[in-house]
Amino acid sequence: MSRVSQFIFRRRGGSGWHWTDIVTWVWLIGGTILMFGPALWLVSSSLKGPAQLAEFPPTLLPYTQITMPVEGFDNPLPLYTVTNEDGTTEVLAEIRRVGTNAQMVDPDAPEDRINVNIANREPLREIGFATDNYVQPLVTNDFLRFLWNSVFVTTMATLITLLTNSMAAFALSKYDFRGRDAVMLIIVGTLMVPLSVILVPLYSVVSATGLLNSLWGVILPTVATPTGVFLLRQYMLTIPDELLEAARMDHASEWQIYWRIVLPLAAPALAVLAIFSVVWRWNDFLWPLIVLSQRETYTLQVGLNTYAGELNVQWHYILAMTVVTMIPVVIVFIFLQRFITTGIAGAGIK
Amino acid sequence: MAAISKSLGTVVTVPLAWLARIIDYPLRWWQIRTGQGGMAAVFLFPNLAIFGVFVIVPLVLNFLYSTTSGTDIFLPDRTFVGLDQYQRLLSCDDYTRRITCREDQFWTAAGNTLAFVIFQVATMVAVSLITALILNRNIAGRGFFRAVFFFPVLLSPVVVGLIWRWILQRQGLLNLIMVNLGMEPEVWLNDRAYAFTATIGVSVWAHMGFYTLILLAGLQAIPKDLYEAADMDGTPPARVFWRITLPLLGPNLAVVLVLALIKGVQIFDEVYVLTGGGPGTSTLYLTQYIYEVGFASILRNPGLAAAASILMGLVLVVLTLIQLWLSGRKEKAGKR
Amino acid sequence: MGRIALKDIRKSFGGVEVIHGIDLDVEEGELVVFVGPSGCGKSTLLRLIAGLDRPTSGAIEIDGKDVTRVNAADRGLAMVFQSYALYPHMTVRQNLSFGLENTRMAKTEITARIDDAGRMLEIGELMERRPTQLSGGQRQRVAIGRAIVREPSAFLLDEPLSNLDAELRVTMRAELAQLHDRLKTTMIYVTHDQVEAMTLADRIVVLRKGVIEQVDTPLGLYNTPANLFVAGFIGAPNMNFFETTAQGGHAELPGGLTVKAPGDGKITVGIRPQHLRLADDGEEALEGIVTLVEALGAETVVHARAVDGTGMVTVLSGQPGLHIGEPVRVALDHAQIHLFDADGQRIIPASG
């Protein structure tokens with residue numbers, strides 16, 4: 001045990017705590033709480049019912065009211081702990097609330113109605129999950145549709161990105177043709193043109209091509225990423241030309257060389273680009289917000305924003321759908337975190 | 001599990017392989033007719049076509065839009081007004097007072113963006129540098145902590161905005177903490193100063209992991225023997241930091257600075273969800289201004305939005321050129 | 001099958017001509033080695049024959065057919081690359097079958113050919129492995145196997161042994177020679193290693209700066225080098241050269257030794273280190289001071305500086321007791337000297 005703690009709290013040389021060791025651990029533990037805390041708080045909140053969400057101060061964990069079927073009533077009644085004037089407590093079921101008083105009943109003696117001041121009663125609760133927060137929006141509020149739209153956009157955009165970018169990267173890394181430098185220059189140049197700078201004309205182009213309110217209007221403008229072409233080209237430059245020549249001697253057509261030789265060998269770079277593309281497209285917000293104005297075409301991000309922007313925000317649904325939106329990214333994070341971080345450190349892309 | 005993923009792989013790859021084989025026939029014919037040059041064109045075409053239609057054409061059109069007025073999006077229906085939109089954006093009766101400007105919203109957004117960028121980038125660089133330095137120490141669980149700080153980077157801006165909107169609301173987590181510490185709860189996002197601070201804090205929270213990674217990579221590229229040599233000379237730690245670490249990290253630090261500036265100028269998504277630009281216009285930044293003028297408001301004015309976006313684009317072009325120059329220099333330094 | 005003819009082949013890269021008009025005929029079944037220092041154009045020439053590059057002018061014929069404009073794949077040749085260029089993501093079997101599948105050959109035929117090659121090269125056990133799981137020598141065999149299954153009219157080999165360690169190189173060299181013996185297919189082999197060239201070749205093509213210096217059998221090159229370059233390039237240690245002047249049918253070498261030389265004017269006298277021996281007392285000899293003694297046991301390589309300052313190397317059999325700084329006198333075998341004129345071309349010595 002002491003070995004373990006010795007290892008974990010390895011310090012700047014020798015024994016004793018140097019001030020930098022303290023700063024390090026305060027920073028790391030504080031950072032961990034700050035980075036994960038908000039997301040955990042979101043998950044916890046998303047499992048609370050609307051009534052509990054309106055409470056202050058909020059509880060850390062989600063609870064549900066305990067209910068019990070009582071003779072003579074159709075629905076199960078919520079249970080409360082009531083403090084009597086003499087200080088004793090008993091468990092009663094509430095029938096209805098009238099002003100500051102609640103009409104209650106003893107579950108064991110359902111005939112007698114008891115009036116209790118609401119200040120004297122505490123709801124009886126247990127840890128429980130309001131799963132309805134998740135079921136309702138997916139079933140009745142179009143979120144299943146939004147989810148499908150997001151999945152469609154992400155999948156198609158990623159596939160097209162991988163195909164077109166790798167083809168272009170292949171041509172730019174393995175062929176010597178007139179105008180290659182010019183093409184490279186154009187691609188470098190467009191790195192300087194983020195989408196936010198060409199919103200208006202891009203909207204008009206998308207509108208002219210009839211892609212407004214279509215998911216393809218979201219997909220196509222994003223797929224020709226210069227970053228992807230760059231990343232893949234850099235990688236393909238490391239594939240020896242002799243391999244391609246061997247394939248040419250082997251009767252392979254240029255397309256086969258691309259498909260059967262270069263693509264499989266560029267798999268590591270393709271994987272990095274695929275992961276990034278999935279995260280980018282899943283998270284896209286501004287452009288879908290502009291192109292998609294009909295509810296049935298919304299992606300999750302746009303749908304969330306729309307529901308969160310309503311006058312009467314239904315937080316219990318919003319929070320649950322935020323968690324749903326977060327899930328794929330969390331999965332990517334858990335399984336591919338190492339892969340991504342080395343990819344960023346290596347290529348400096350985001 | 002393995003069987004499932006394998007059969008899934010077959011479902012995807014077999015049709016793809018067939019498709020590739022079918023495509024091969026016309027392409028072989030084309031290759032025989034045009035040779036390698038023709039094939040280069042084939043491989044470039046899809047990407048360049050999409051590029052041309054959705055990047056190059058809009059880039060050119062942007063200038064045309066910025067010289068026209070009207071609410072129509074169809075260009076021929078719009079009236080040519082020369083540089084009027086730019087004049088409208090930039091003219092003020094009294095340049096010391098924002099209210100007197102014809103398009104005072106633009107000046108507000110520009111001013112807010114400038115303030116945001118200054119504070120956000122400064123905080124971002126400081127926090128990322130400290131985190132990178134700490135992660136570069138010989139600590140247990142370094143991989144885990146690196147992942148911890150990277151986690152928010154992957155979250156969508158909408159999710160980030162909603163998470164923090166939920167935390168900062170009246171019955172939120174922050175107020176719970178305030179109450180427990182014996183302080184008064186606040187409605188944070190209804191206060192101009194708090195809201196502005198929140199946009200900075202939230203964007204730093206969301207993106208610092210990315211910059212930390214770049215700086216960490218830079219730190220790990222510094223040869224260990226330099227530190228050992230300094231240690232042999234008995235150099236005090238502070239001096240090691242100022243005379244070895246910082247100068248050698250310089251290029252990475254510069255790249256981080258400029259990248260953060262480029263991203264900061266374009267800030268939109270998370271702020272839009274968090275505050276919607278409010279309260280009032282206290283967190284209205286440039287991209288939101290362009291979005292609202294161009295698309296969202298009833299009195300929309302695409303020409304004005306285009307002009308504003310070109311002005312913003314100029315700033316970004318300058319910043320990107322600096323970045324390309326810096327990373328080119330970094331590469332050269334690396335080769336040496 | 002497998003006659004290759006080059007007719008005035010020229011090749012320029014970006015305006016710089018690197019191959020200056022090469023004419024060459026390679027006979028059917030012949031093993032021809034292109035040899036020369038790096039940058040002599042030997043690999044470029046091979047790539048032109050393969051069809052991986054196109055000549056700027058001139059024609060390439062295979063079995064009498066002009067293939068100058070024919071694609072690499074359609075020339076019926078197979079190439080073994082210096083780096084082997086095995087497809088790293090395919091197994092050995094897939095590496096061998098890839099080219100055959102591309103020609104839509106029947107599956108049974110492909111299997112038969114791969115099995116044959118596997119047996120011939122003893123790589124049958126390795127068929128399901130990836131190239132990264134193979135040793136250097138095994139990769140080399142697979143690369144050759146990939147060429148063999150194509151059943152080409154000629155093999156082109158670009159420095160195929162240069163990535164192997166010295167010991168393996170000797171073994172593989174012998175195997176290549178056996179393979180050629182068995183297949184009897186034309187081979188063109190590029191190397192910068194003259195030992196490889198001497199041991200493998202039916203004929204050697206010596207190239208320098210994009211020009212053929214000489215084409216001959218290995219012993220032909222050794223015994224009658226056409227010029228100074230070939231004389232210096234073939235044979236180890238290098239041939240000794242003495243610049244002198246011929247006068248009245250004789251030329252004098254440092255130390256006063258004279259050799260027969262036709263005509264008048266500047267000439268270079270060449271003599272291989274193996275054709276020198278220690279002079280007897282009173283015998284006409286080359287004189288010098290020993291600068292280095294490399295005792296190899298069975299023979300001793302003696303480096304010396306002749307009286308006029310020219311370096312001179314002697315290979316003496318046995319272990320003569322010579323030391324650095326001592327004077328040395330060596331005699332030569334007059335039948336073995338080579339004479340070159342002022343332009344470096346061989347002078348056919350008058351007999352006697």
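How many helices and strands are there in chain A? The legends below begin with that point; the model shown is predicted.

Figure 1. Chain A contains 15 helices and 8 strands. Its C-alpha atoms fill a box of roughly 95 × 70 × 40 Å, taken along the principal axes. A compact globule of 350 residues would have a radius of gyration near 20 Å, but the value for chain A is 30 Å. Of the 350 residues in this chain, 41% count as buried. Among contacts in chain A with a separation of 6 or more, 63% are accounted for by residues 24 or more positions apart.

**Figure 2. The loop of chain A that holds Asn213(A).** The phi angle of Asn213(A) is near 60°, which is a positive value in a residue other than glycine. Is Asn213(A) buried or partly exposed? Asn213(A) has 15 other C-beta atoms within 10 Å, and it is therefore partly exposed.

**Figure 3. The contact between chain B and chain A.** Chain B contributes 80 residues to this contact, and chain A contributes 80 residues. On the side of chain B that touches chain A, the largest share comes from helix H1 (residues 2-65) of chain B, with 26 residues. By class, the residues on this side of chain B divide into 60 nonpolar, 15 polar and 5 charged.

**Figure 4. The contact between chain C and chain A.** Here 16 residues of chain C are in contact with 14 residues of chain A. Strand S6 (77-80) and helix H2 of chain C each supply at least two residues of the side of chain C that touches chain A. Helix H2(C) gives the most to this side, with 3 residues. The side of chain C that touches chain A has 11 nonpolar and 5 polar residues, and no charged residues.

**Figure 5. Overall build and domains of chain C.** Chain C has 8 helices and 21 strands. Along the principal axes, the C-alpha trace of chain C spans about 80 × 45 × 35 Å. Of its 352 residues, 39% count as buried. Residues 24 or more positions apart account for 63% of the contacts in chain C with a separation of 6 or more. The domain assignment divides chain C into domain 1 (4-229) and domain 2 (238-347). The centres of these two domains of chain C, taken over C-alpha atoms, are separated by 39 Å. Domain 1 of chain C and domain 2 of chain C each give 6 residues to the contact between them. On the side of domain 1 that touches domain 2, 4 residues are nonpolar, 2 are polar and none is charged.

**Figure 6. Helix H3 of chain C and its two sides.** Helix H3 (residues 107-121) of chain C has 15 residues, which at 1.5 Å a residue should span 21 Å. Which residues of H3(C) are buried? The buried residues are Ile114(C), Ala117(C) and Gly118(C). These residues lie on the same side of H3(C), because they cover an arc of only 105° around the axis. Thr108(C), Glu109(C), Ala112(C) and Arg119(C), on the other side of H3(C), are exposed. The buried residues of H3(C) pack against helix H2 (92-102) and helix H4 (136-148) of chain C. After H3(C) comes Glu122(C), whose phi is positive, near 55°.

**Figure 7. The loop of chain C that holds Lys184(C).** Lys184(C) lies between helix H5 (166-183) and strand S8 (186-191) of chain C. Its phi angle is near 55°, a positive value in a residue other than glycine. Is Lys184(C) buried or exposed? Lys184(C) has 12 other C-beta atoms within 10 Å; a residue counts as exposed with 12 or fewer, and Lys184(C) is therefore exposed.

**Figure 8. A cis peptide bond in chain C.** The view shows the loop between helix H8 (228-233) and strand S11 (240-247) of chain C, in which Pro237(C) lies. The peptide bond from Ala236(C) to Pro237(C) is cis, and its omega is near -10°.

How values were computed
Residues numbered from 1 in each chain as written. Chains lettered and ligands numbered in written order. Predicted model: local features only at pLDDT ≥ 70, side-chain atom pairs only at ≥ 80, totals over all residues. Helix = DSSP H or I, 4+ residues; strand = E, 2+ residues; numbered from the N terminus. Expected span 1.5 Å × (residues − 1). Buried ≥ 20, exposed ≤ 12 C-beta atoms within 10 Å, placed from the backbone. Arc of directions from axis to C-beta. Contact = placed C-beta atoms within 7 Å. Nonpolar A, V, L, I, M, F, W, Y, C, P; charged D, E, K, R; others polar. Rg over C-alpha atoms; globule rule 2.2 N^0.38 Å. Domains from an automatic or database assignment.
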